[in-house]
Amino acid sequence: MENPVRLESYGEGLEIEWSDGVMHRLAWRDLRFACPCATCRVKRESPTQPSPPVINSGSRGLTILTAAEAQPIRATKLRPVGNYAYAIEFNDGHNTGIYPLEALRELGMAGTV
Ligand SMILES: [Zn+2]
């Protein structure tokens, strides 16, 4: 099991340097999407996606984003959980995602293939 020796924000995501010298860049967007918390897991696996609200009078099909959706996803806080995981708090207010090191490593591997 590799451990991160360096974690750093590069603006749009998290840069992780692992103890075996491998370097990964994980976009906050991807991390947010891969959130392992129960709520997000259910949302991802749910077959019915709630459709975004649209204005029906005149400007058809205009999607109204919430304030949180309109700004790019970023992490506001990164907190170690024991020595096996990191809790990431996002600027959309979501803070229940705890990312085990294996999950971060897997995400990084998936992104560099
Ligand atoms: Zn979540």
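This is a predicted model: local features need pLDDT of at least 70, side-chain atom pairs count only at pLDDT 80 or more; totals for chains, interfaces and linings use all residues.
For four tetrahedral donors, the ideal angle at a metal is 109.5 degrees. Among the coordinating residues, cysteine 37 and cysteine 40 are both buried.

The largest nonpolar core comprises 15 residues, and those with the most contacts inside it are Ile16, Leu31, Phe90, Tyr99 and Leu104. Two or more residues of this core are contributed by each of strand 2 (13–18), helix 1 (28–33), strand 7 (85–90) and helix 4 (101–112). The surroundings of phenylalanine 90 were examined with its neighbours within four places in sequence left aside. On this basis, phenylalanine 90 is in contact with Trp28, Leu31, Arg32, Ile73, Arg74, Ala75, Thr76 and Tyr99.

Eight salt bridges were found in a search of the whole structure. Side chains of opposite charge can pair when their charged atoms come close. Arginine 6 takes part in a salt bridge with glutamate 15, with an N to O distance of 3.0 Å. Of these two residues, arginine 6 is partly exposed, at a relative accessible area of 25%, whereas glutamate 15 is buried, at 12%. Arginine 6 also forms a salt bridge with glutamate 17, in which the closest N and O atoms are 3.1 Å apart. Because arginine 6 belongs to strand 1 (residues 4–9) and glutamate 17 to strand 2, this pair ties together parts that are 11 residues apart in sequence. Glutamate 17 is partly exposed, with a relative accessibility of 26%.

A salt bridge also joins arginine 25 to glutamate 15, the closest N and O atoms lying 2.7 Å apart. This pair links distant parts of the chain, since arginine 25 lies in strand 3 (residues 23–27) and glutamate 15 in strand 2, 10 residues apart. Arginine 25 has a relative accessibility of 52% and therefore counts as exposed, the threshold being over 50%. Arg6, Glu8, Glu15, Glu17 and Arg25 are linked in a network of salt bridges.

Key:
Residues are numbered from 1 along each chain as its sequence is written. Side-chain values use heavy atoms; hydrogens and water are left out. Buried means under 20% relative accessible area, exposed over 50%, partly exposed in between (1.4 Å probe, protein chains only). A nonpolar core is a set of buried Ala, Val, Leu, Ile, Met, Phe, Trp, Tyr and Cys residues joined through side-chain atoms within 4.5 Å. Helices (H or I, at least four residues) and strands (E, at least two) are DSSP runs, numbered from the N terminus. Contact means heavy atoms within 4.5 Å. A salt bridge is a side-chain nitrogen of Lys or Arg within 4 Å of a carboxyl oxygen of Asp or Glu.
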